[in-house]
Amino acid sequence: MTIFIFILQFILVVLAAPLVSGFIAKVKNNIRMRRGSPVLQPYYNIIKLFRKDETISESSSWIFRVAPVIVLSSALTALSLVPAFIKDSPAVYAGDFLAILFILSAGRFFLSLAGLDTGSSFGGMGSSREMFISSLAEPCVCLAVFSVALLSGSTNVEALGISSLPKISVLFACFSLFTVILAETSRIPVDNQETHLELTMIHEAMVLEYSGKSLAILETAAHVKQLVWLGILAHIIFPSAAGVSAGAGAVITAVLVYLLKIAGLALVIALIEISMAKMRLFRVMDYFGFSIVLGVLAVIGALMGI
Amino acid sequence: MNYFILDHLSFIVDPLSLFFLAVIFVVSIPAFIYSPGYLKGHVSGGKTVLLHALTAVFIASMAAVVTSADVIAFLIAWEIMSLVSFFLVVFDHEQSASVSAGVMYIIMTHIGTAFLIAAFTIMYVHGHSFKFGELTAACASMPQNLRDLVFVFLFIGFGTKAGVVPLHIWLPYAHPQAPSHISSIMSGVMIKTAVYGMIRFIVFMLGPASSWWAVVILVFASVSCLAGIIYALMEHDIKKLLAYSSVENMGIILLGLGASMLFYSMGMSAMAVFALSAALYHIINHAVFKGLLFMGAGAVYNAAGTRNMEKMGGLVKNMPVTAVLFLCGAMAISALPPFNGFVSEWLMLQSFFGGAYQIQAGGYKLFLGLCAAVLALTGGLAAACFVKAFGIVFLAKPRSRQAEQAREAHYSMLIAMGILAALALFLGAGASVVIKYIIPIAGYSFGADTAGITSGMAGWSLNLSAGRPGFASPALIGLMLIALSAVVSAVYFFAGKTGKRSYRTWDCGYYNLTSRNEYTATAFSKPFRVAFGFFLFPYRRTQKIREAFYHLTSFKYETLTTPVFKKYFYDPLLRVFLGTAGAMRRIQPGSIHLYIGYIFFTVILLILFMRAF
């Protein structure tokens with residue numbers, strides 16, 4: 001019985017994933033004094049793309065066709081391991097935080113291959129940059145989670161949410177994780193989702209050759225992946241999931257708190273996106289250097305117990 | 001009469017030897033299956049027989065290395081292994097690259113052996129025995145400074161064979177020069193015998209009492225990881241790329257070994273067992289996927305006639321099976337679930353996390369955290385490296401005529417690679433079963449009882465039973481991936497419009513794209529070359545070819561990186577050696593009269609010497 005509750009939770013969270021992107025876009029537009037597209041625009045985009053024909057490059061192989069499916073299924077698998085609003089999920093036995101990292105990297109691996117597959121130099125450039133940025137992000141994530149795990153004693157995602165009282169080390173770790181999230185979700189200052197200027201895009205360059213349903217699947221995957229990261233961060237900052245048997249009232253409260261947490265993080269992302277410019281690619285090293293320093297500080301803080 | 005040698009040829013099979021025997025045969029048997037297809041049409045009949053004989057001796061010598069129970073037997077087997085592998089490296093002796101690689105290999109390996117002999121001599125002088133059992137007992141009473149010395153000698157000796165940076169210099173030259181199935185045995189198995197040596201002599205005999213040994217190993221391992229994978233990223237010779245990646249993977253294995261020694265010296269025997277199991281797991285994993293990748297590289301080399309990745313591309317269309325199998329290897333080495341690389345990297349990170357949680361000293365916690373970060377960075381770079389390897393070799397359009405006309409590999413090669421790919425999947429998805437066989441071996445090395453550990457583990461999920469454990473179940477993750485992929489595919493096929501058309505890749509409205517427009521291996525690694533410029537010192541070589549001063553016919557452009565260790569460590573050393581040899585030559589000018597004079601004076605000196613004393 002409980003397993004169905006978790007499957008229901010999973011489906012609800014997946015359905016809500018594109019909403020986060022819509023919300024961020026809306027906030028950004030409103031701050032820029034524009035009306036902007038509706039919050040539901042990401043859903044409209046997906047539906048629109050499903051109604052379109054698909055064009056596939058002649059020089060591509062089966063990798064190009066398979067990649068969207070693997071990218072989305074790996075993002076979905078990762079999302080199923082992230083606690084949302086009900087706790088004690090049986091999914092913790094399938095994978096911990098480190099497993100989530102490896103699962104997401106499976107999707108990235110295939111997306112990068114797909115970028116190379118069409119023979120377009122944009123795709124290759126996107127793949128190269130994506131792998132570059134994600135490999136530099138790995139040690140930052142590792143250190144941040146290491147410091148949190150030193151306090152919680154476990155890499156279990158549910159157990160990582162420990163900070164009933166905010167500790168300095170956890171704050172540093174979350175800040176470090178947040179910088180990584182900006183990079184992993186192709187946000188300013190690392191990447192820019194809005195641009196289609198060939199030389200600056202990273203994620204968009206990899207998916208440049210995609211169209212129709214495949215593109216819809218890839219866009220969904222990007223939304224889901226974004227929610228994976230935000231969900232983890234929200235859970236570490238403020239764990240609020242309710243137990244299965246806590247009753248309807250507690251669960252509804254937990255859902256509302258979950259939505260508020262994600263909306264709060266989305267708001268911060270939106271504010272950062274409108275107030276910063278995109279960095280040059282090779283400034284990314286400094287960016288992650290900063291992030292690593294934060295991670296080391298977080299570990300030192302965790303050692304001192306603060 | 002005392003038959004000195006025969007006395008010492010004693011062999012024993014204990015759990016540790018058994019594990020390494022398994023590693024040896026897991027790669028060697030597919031390598032034998034692979035060889036007929038690979039050698040067909042390349043090597044004449046007589047040479048094939050010679051190659052098979054050498055390979056057999058090579059495998060037997062490795063088996064002897066891991067089963068010997070006596071230092072003399074160990075050294076003999078070790079030396080046979082080194083010599084036979086030298087002959088295998090120079091097998092294609094028509095190529096000058098083979099000969100120079102072989103010479104570098106044999107010099108380096110003998111420097112290593114010299115250190116080993118020195119270490120064993122110290123142990124013998126102290127323990128008065130060559131037998132492992134008696135030596136182990138004698139080492140317990142060895143004074144600390146002597147133990148430290150023995151450790152350093154053993155680490156240098158085995159480190160040379162393992163390709164630890166900066167002693168790795170021979171590895172990326174020697175491994176690629178051998179025939180591909182031999183490369184897979186050398187990279188997959190032979191360098192693992194060095195880890196066997198470290199476990200057997202350092203962990204087992206000396207007992208890792210001092211924590212600084214572990215710190216030394218961890219530091220060198222971290223450097224090996226990063227340097228290995230960064231060099232691999234820069235490489236566009238497919239087999240050399242794989243060889244550098246072996247340096248990286250040996251680093252990962254040694255990270256596990258070092259961590260386990262650190263935990264043991266701190267009295268955390270359960271964590272020590274976990275870290276060593278992670279290392280052992282990575283040993284067999286690396287054997288499997290590196291064997292697979294080298295065989296795949298061999299298939300590609302046969303088909304495209306070159307090892308240069310920039311001349312390949314598009315092979316997925318003509319070599320579909322090889323492509324799938326190589327992709328399995330690439331996914332495994334990039335630690336993607338549900339393949340086996342994921343399991344050992346997860347275990348490794350997990351034992352760093354768990355060990356750091358339990359260890360008391362704060363400095364070690366931070367140190368372990370940094371090691372874990374290095375491991376994470378290495379993992380990320382390895383994924384990038386193998387996206388490049390697979391993407392440039394197999395995807396997009398062919399970059400040369402030969403790549404365009406490539407044909408699928410011989411079925412014997414495909415069977416061999418298929419076996420290894422299946423093993424990679426089994427060792428990944430079946431990890432929760434396999435780990436129960438590996439943990440007792442690690443426990444045996446430390447003399448720790450592991451019955452409690454294995455029985456407490458979840459049946460279908462990996463976990464370290466420390467604190468609130470994190471779990472990972474590759475099988476379950478695999479099933480979830482498959483189930484969700486099925487759902488997504490169903491949606492893709494049955495929802496919305498199904499119209500599809502094939503068209504050119506977008507070319508910005510210019511003429512049709514050719515393979516010249518594609519991203520190359522060099523271009524792919526450009527960001528990494530810039531980011532790690534402080535270590536690689538990249539430089540450009542440009543050459544203008546002119547007919548007349550104002551008429552440029554072509555422009556050559558090359559990007560190169562500086563081999564730091566060779567330029568700043570080995571070359572000066574070599575200059576000193578050659579300089580000394582040059583100076584020595586002055587007393588050896590080739591005149592027979594002078595030599596007779598030398599003999600005369602030596603005799604006189606000896607007579608005086610005998611008189612005086």
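**Notebook: the interface of chains A and B**

I began with polar contacts across the interface of chain A and chain B, and the rule finds 23 residue pairs, both residues of each at pLDDT 80 or more. I note that the model is predicted.

I then looked up which elements of chain A form the side that touches chain B. At least two residues each come from strand E1 (54–57), helix H3 (62–80), helix H4 (97–117), helix H5 (121–152), helix H9 (212–237) and helix H11 (284–304) of chain A. H5(A) supplies the largest share of that side, 19 residues. Sorted by class, the side of chain A that touches chain B holds 42 nonpolar, 26 polar and eleven charged residues.

I looked for salt bridges across the interface of chain A and chain B; the rule finds zero.

For the extent of the interface, I recorded 79 residues of chain A in contact with 86 residues of chain B. The two chains bury about 6900 Å² between them, and 74% of this lies on carbon and sulfur atoms.

I turned next to strand pairing between the chains. E1(A) is joined by four bridges to strand E3 (residues 500–503) of chain B, and the two strands run parallel. Within this pairing I located A:Thr55, which stands opposite B:Arg501 in E3(B).

Lastly, I checked the confidence of chain A. Its mean pLDDT is 91, with 99% of its residues at 70 or more. Confidence in chain A is highest in H3(A), at 96, and lowest in helix H6 (residues 157–160) of chain A, at a mean of 84.

Methods
Residues are numbered from 1 along each chain as its sequence is written. Chains are lettered from A and ligands numbered from 1 in the order in which they are written. This is a predicted model: local features need pLDDT of at least 70, side-chain atom pairs count only at pLDDT 80 or more; totals for chains, interfaces and linings use all residues. Side-chain values use heavy atoms; hydrogens and water are left out. Contact means heavy atoms within 4.5 Å. Buried area is the accessible area (1.4 Å probe) that two parts lose on being put together, summed over both. A salt bridge is a side-chain nitrogen of Lys or Arg within 4 Å of a carboxyl oxygen of Asp or Glu. A polar contact is a pair of N or O atoms within 3.5 Å; within protein, one must be able to donate a hydrogen and the other to accept it, and residues adjacent in sequence count only if both atoms are side-chain atoms. Ala, Val, Leu, Ile, Met, Phe, Trp, Tyr, Cys and Pro count as nonpolar, Asp, Glu, Lys and Arg as charged, and the others, Gly among them, as polar. Two strands pair if DSSP finds at least two bridges between them. pLDDT is the predictor's confidence in each residue, from 0 to 100.
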